[in-house]
Amino acid sequence: MTNAAQAPPLPGGSSDSISLAGLRRPELFAFLTLLAALNMYAAIALEAIRAHGAAAAIGNLMNVSAIVWFGYYAVFAILREDEQQAPAWRSDWAVAALVVAAALLPVGTASAAAFFLMSVYLFATSRRSTPLRRAAIVCLALAGIRFVAPLLMTALTQWLIAIDVRFVASLTGATAAANMIWDPNSPGSRLIVAPGCSSLAGVGLAITLWATLNQLFRVPLSARVATAGIAAVAATITINASRMALMLKHPELYDFIHDGGGAEISKWLTLFAVAGACLVGAKHEIFARE
Amino acid sequence: MRFSRANSAAAAIILLSLTAKLVVSRPDLMPDLAFSGEAAQTFLTANGFSVEVRPHKLGPTLYGRKGSCYLMLAEAEVTGVNAALLASLAREVGPEQFLYGRRFFNQPPLVRPTLGLLLARQLHLMGFNPGRRPLWAIASNGQCRIEQMNWSALAALPR
């Protein structure tokens, strides 16, 4: 493990630092994260308020997963741990200008793209195990959900869904082609899998929670931690595939499984399975802090 | 506070950025498959076809007949959601082709339609009305000379 205090300065480091407004790097990146997050999710929150009213939208966390909110909390908590409080670098201000300019555009995707670039920059300009690097890892996971995953989903929809569909077909003995599955023994049973039903969104959340917990509790990467991450992803895919298999085998329960109580059950089941796997992976460090 | 001016500037930036979102906020651009179905029906009728429309959750499929020509026409979602369904329906009619803009393809094109969709969605969210360029799946029984037809009416749609 590298000791940040003894390590040589990074390129563009302290010699380039300027004390504009007296801001420190952790303060600046905390602000940029807050700004990007608010602007990335503003449209989703407004849509939730329009559709369900303010109280219900707040109760439903503005239609944003609790894992995502927890991730942002973790970024701020980790950045508060930074004891070095290095002044902001000259190059930091260029990144800040990009994030602010993107936030001023009326479209959230611009903020998502800028936040992704900021996360990559923060990762590249911070030292291993420092709060800045740990925050950058969580930021990368959060940016992955909001920027990389939707981009992949748009460009590679057919391939990503085909993975899910083939898995369901192997579980049920059904026949699959592209995004369609049908049971040859049960005429009329046919399931067409839409992009929203792909496991990708769930996998993104599982990776985010895994990264968040490990960085928040300073869990070093080990075989146990990696296995926990793989288990969280596998649980997400398996629960989603089981849900699709049930819809195929029991078309009479389609509405319940797709939109009703069944959808809620699978959502909570996924959350518990993912959180359980991640917590088991990080249990030593979590108990050590208590 | 140590950097109260910076705090004020930060609050102002947040407020300004969220105001921009509030002012121009509108729902995402979703392909209106019912509308494109109506446009396709108008197009086929105007070209002398008798048209049968078969509705489906993933958008209507149109069947047109004109003399010995029999064809199937439907909007193929750029993301490929209805690709397998349309391919199976097309098999009952004839070889499937794809029309994007004014060009025909034997396989559904991916890059330009995907970039076009992403750009149209962002422009729409910014308050513009860019319209959209749909991808059409066409199957015919080989008696239609579809490439000689003037498809410009279907090259771009307002929603």
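User: How many salt bridges does a search of the whole structure find over all chains?
Analyst: This is a predicted model, in which local features need pLDDT of at least 70 and side-chain atom pairs count only at pLDDT 80 or more, while totals for chains, interfaces and linings use all residues. Side-chain values use heavy atoms, with hydrogens and water left out, residues are numbered from 1 along each chain as its sequence is written, and chains are lettered from A and ligands numbered from 1 in the order in which they are written. If a salt bridge is a side-chain nitrogen of Lys or Arg within 4 Å of a carboxyl oxygen of Asp or Glu, the search over all chains gives a count of nine.

User: How many residues apart in sequence are the parts that A:Arg134 and A:Glu81 tie together?
Analyst: A:Arg134 forms a salt bridge with A:Glu81, and their closest N and O atoms are 2.9 Å apart. A:Arg134 belongs to helix 6 (residues 131-155) of chain A and A:Glu81 to the loop between helix 3 (66-80) and helix 4 (90-104) of chain A, so the parts tied together are separated in sequence by 53 residues. Helices (H or I, at least four residues) and strands (E, at least two) are DSSP runs, numbered from the N terminus, and the separation in question is 53 residues.

User: Which residues of chain B lose the most area to chain A?
Analyst: Contact (heavy atoms within 4.5 Å) involves 34 residues of chain B and 36 residues of chain A. The two chains bury about 2800 Å² between them, 70% of it on carbon and sulfur atoms, where buried area is the accessible area (1.4 Å probe) that two parts lose on being put together, summed over both. Together giving 19% of what the chain B side buries, the residues that lose the most are B:Lys21, B:Thr79 and B:Val81.

User: How many residue pairs in polar contact are counted between chain B and chain A?
Analyst: Between these two chains the count of salt bridges is zero. A polar contact is a pair of N or O atoms within 3.5 Å; within protein, one must be able to donate a hydrogen and the other to accept it, and residues adjacent in sequence count only if both atoms are side-chain atoms. With both residues at pLDDT 80 or more, the number of pairs between chain B and chain A is six.

User: Which element gives the most to the side of chain B that touches chain A?
Analyst: The elements that give two or more residues to this side are helix 1 (4-24), helix 3 (83-90) and helix 4 (111-125) of chain B. With eleven residues, the element that gives the most is helix 1 of chain B.

User: Which residue in strand 3 of chain B does B:Gly64 stand opposite?
Analyst: Strand 1 (residues 50-54) and strand 2 (residues 61-66) of chain B run antiparallel and are joined by five bridges, two strands being paired if DSSP finds at least two bridges between them. In strand 2 of chain B, B:Gly64 is the bridge partner of B:Val51. Strand 2 also pairs with strand 3 (residues 69-76) of chain B in the antiparallel sense over five bridges, and there B:Gly64 stands opposite B:Leu71.

User: Which helix of chain A packs on the sheet, touching strand 1 and strand 2 of chain A?
Analyst: The open sheet of chain A has three strands in the order 1-2-3, with antiparallel pairing, and its edge strands are strand 1 (175-177) and strand 3 (190-192). Strand 1 is joined by three bridges to strand 2 (residues 180-182), in which A:Trp182 stands opposite A:Thr175. The element that packs on this sheet is helix 7.

Definitions and conventions:
Axes fitted to C-alpha atoms, helices over the stretch in contact; angles between N-to-C directions.
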